[in-house]
Amino acid sequence: MSSWLDYTINGLIVGNVYALVAVGLALIFGVSRLINFAQGSIYLVGAYIGWVAVVQLHTPLPLTIIVVAATAAVVGLIIERFGLRPLQNSVRIAPLLATIGISFVLDQLVMLTFSPNPRALPSQLPDVRFQLGGGTIGPLDLLIAGVGISSALLLFVFLRYSKLGWAVRAASQDRDAAMQMGVDVNRVNQAVFGIAAALGGVSGMLVGMYYNQIDTAMSLQATLKGVVAEVVGGAGNVPGAVIGSLLLGLVESYGVAVFGTSYRNLFAFLLLVVVLVLRPNGLFASARQAPPEPLTGTFIAPSRPVRIPRWVLAVAAAGFAVLPLFPVSFYVLQTLINAWLLGMLALSLTLVAGTMGQVSLGHAALLAIGAYTSALLSLTLNVPVGLAVIGGGLVSAALGTLLISPSFRLRGHYVSIATLAIGEIVSLVILNWESVTRGPIGISGIPPLSLFGYDLISPSSVYWFSLAVMVVLALLQGRLLTSHLGRSFRAIRDDDIAARAYGLSLNRYKSLAFIFGGFAAGVSGGIAAHLYSYINHETFNTQQSILALTVVILGGLGNVVGAIVGSVALVGLPEVFRIAAEYRILIYGIVLLLLVRFRPQGLLGTI
Amino acid sequence: MSEQHNPMLSLRGLTRRFGGLTAVNAIDLDLAKGELISIIGPNGAGKTTLFNLVTGLDRPDEGAVRFEGQDITGLSPERLAAEGIARTFQLGRVFGNLSVMDNVLIGAHTRLRAVKPAVPVIGPLLELGLALLRPAGVKAEEERLREEVKAILARFGERLLPRIDQPAYSLSYANRRRVEIARALALKPRLLLLDEPTAGMNPTETAEMQALVAELKTEGLTILLIEHKLEMVMRLSDRVIVMDEGKKIAEGPGEVVRSDPKVIEAYLGHGLSGAAEQESAA
């Protein structure tokens, strides 16, 4: 029994840490209806500022906390002022994408400044342990709990009794009415971002001390956990976020107790998916509500797509097809092969996110399913590689659609959260299902591409193969868009309620979009597996999902040609300018931010 | 007379509550085939909520909806569209990024047969395959529907036809309302629900819309109409139902309902209370 007490205490302590992130997220969501994906990056910044303060400047603990809170608050204010405020009147998805871009930029800046290697962040508290039940708790546990409880109390007092706190609550209930009553909503937003960032920064530092280690991977993990806790508690609900965090900590802790440490995150994301499906407004939300008012045309930026004459496309395709006949370097071909593989993923995502309006943040999971299927089919069942790749596409289409189907009833930002979680679940299942996926060891010795018994080993044959597959997929998708399915997908994206009133079943058409898109992504992953010859659970990660999203926005949401142009641009240009790998993600983040701000319709326009 | 025996749509005790508010309170209604009934009442009387209950966008807490003798209470909007119930929306819900042609083609979605074979389980996959392969039957169906859309758009004179390939977001407000009605007509509805089709229209446009609705009625279409412009209501309706605070407070021919003291009180007492007080003060 006492060990259960330990797991409970541990769960509450970890949950308390999550609460510091989740409360910030809930405050921001409450006021601006935005899930701030950059919250984890602020947490990361807080951890590294804490490291500088403790290790380099030798500040005492109270001063460390003040320095971290102040610096993080400044970062939060900068994000609000320059990243989000200019987007107030843009399409709904714009601020979400902007916070993703900001998070990549911040993470990468921290990584470039401090190197990706983990660092030790020593705790500044005496190392004594008190006996409690069968386990112990130390001063740091108490400090974390103290910071959590006191910040929640302070926040409560601020929201209830200060004038600015009233303004925050008014703005969160009805932004327009608050503005009309003279509330300066910009000032409210600033206050909220400042407070949320200070909380996030301090929690990053405390967690760093708790584990005595900080590294740049902390950011995404913190965002994910904070988002889970926030959604479980009900987005925008500050007390709900605290309870959601404690619940998440407990679920994880008990899950670890029963199944082992590597299952911790799996439980977190399963909890999220279950809550999203059963109670999308959180555990403490009121019952069903009337359908919201129309959102017509507000999802994507209205624009007229650039029409490219067919002959131009044909000439371009022919030009790329004959390229290997000229004396081009292996390096150029290799770069373009990568562009074609990314192009297939982008085709998939532009259909799902652009045409269908389901902004998926876990699209790399479809690559992973295709890659593992194709690799295992060819390795263990000796299926010819050509067929195995198609098998990868089919399994990715079927399994991907099945996994994503719980999110079909969700809208807007919730779809993005759900797909992100489902993507993480896929990666965690690959990690833990050792009997099939070989777990953390990964799969090596995957046979090279081959077609009708001929191995495709020379760079030009691989180039032709991947180009041909991508062109076929692009032609099929173009045909799909001109069919009744194209208009049905777009109708559901523009107004799902009106679409249902005209007989369009959301489940049916969202499934069809994911089946088609899942196939393209699965084929891309399958080809990649045979090219790399080694894959593991980290080969296809969130960074690739975000890269694909940037490509899709660059080309124009839903735009088939745009997806390919975007892929060539984002894979090719960094190569042309010889940009070092560690700067590329920074550049992708900046490209995403600039696009969202200045050209949301992308290069070729949304369709 | 005939509605007693064979109502196309009948509502019995239909009730919907939002928290403490009863938006629709025990509404009974019978609508015969070919009949046009108008629902009037002050803002917030529950008219649009009633439409949502009939078209499946919301579920009633109590009561039943019968359509052509069949219990359709709580069925999904998709199913009801397939049954031949079409509606327009009060605030206009066109598909902003779709062209006028595509908007109206969506209205014909439930009538797709060649490309949407009614096969269980693998039906959706067949639909995907047929959409990509497009055999002759599918092409012919699409072509036929496109011609039909043009004929529907021609009913609006030169308002929509010249803009057939323009995205709906670029249309004027009145034209968006017209697109909505064209989309509803493309469903070949057995029952048409119009939610304030002339909202925001000027007198000329209103007259055009009134003529169109009159035409649809003479063609035998069964129509349920929410409308604030009383002159139009009086001219078009076989019967008028007045709602206030969720309840039906009067029902009957337009002229009778118009002079009903309860109706006058509902309008002056609630909808126009400010104006009435000012008048009495003066």
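Predicted model: local features only at pLDDT ≥ 70, side-chain atom pairs only at ≥ 80, totals over all residues.
Helix H23 of chain A covers residues 560-576, and at 1.5 Å a residue its 17 residues should span 24 Å; the end C-alpha atoms do sit 24 Å apart, so expectation and model agree.

Just past the end of H23(A), the backbone does something worth a look: Arg578(A) takes a positive phi of about 55°.

One of the covering helices, H22(A), can be followed in more detail. H22(A) and H23(A) pack with their axes 7 Å apart, at an angle of about 120°. The crossing of the two is right-handed. On the H22(A) side, the contact is made by Leu547(A), Thr550(A), Val551(A), Val552(A), Leu554(A) and Gly555(A); H23(A) answers with Gly562(A), Ala563(A), Val565(A), Gly566(A), Ser567(A), Ala569(A) and Leu570(A). Sorted by class, that contact holds eight nonpolar and five polar residues, with no charged ones.

Elsewhere in chain A, helix H10 (residues 238-259) packs on helix H11 (residues 264-278) at an angle of about 135°, the axes being 8 Å apart. That angle makes H10(A) oblique to H11(A), and their crossing is right-handed. From H10(A), the contact draws on Leu248(A), Val251(A), Glu252(A), Gly255(A) and Val256(A), while H11(A) brings in Arg264(A), Phe267(A), Ala268(A) and Leu271(A). The class count for this pair is six nonpolar, one polar and two charged residues.

Between the chains, 35 residues of chain B are in contact with 33 residues of chain A. On the chain B side, helix H3 (77-82), helix H4 (100-107) and helix H5 (123-133) each supply at least two of the residues that touch chain A. By class, this side of chain B is made up of 21 nonpolar, six polar and eight charged residues.

Notes. Residues numbered from 1 in each chain as written. Chains lettered and ligands numbered in written order. Helix = DSSP H or I, 4+ residues; strand = E, 2+ residues; numbered from the N terminus. Expected span 1.5 Å × (residues − 1). Contact = placed C-beta atoms within 7 Å. Nonpolar A, V, L, I, M, F, W, Y, C, P; charged D, E, K, R; others polar. Axes fitted to C-alpha atoms, helices over the stretch in contact; angles between N-to-C directions. Parallel < 35°, antiparallel > 145°, perpendicular 65-115°, else oblique. Left-handed = near helix turned anticlockwise from the far one by under 90°.
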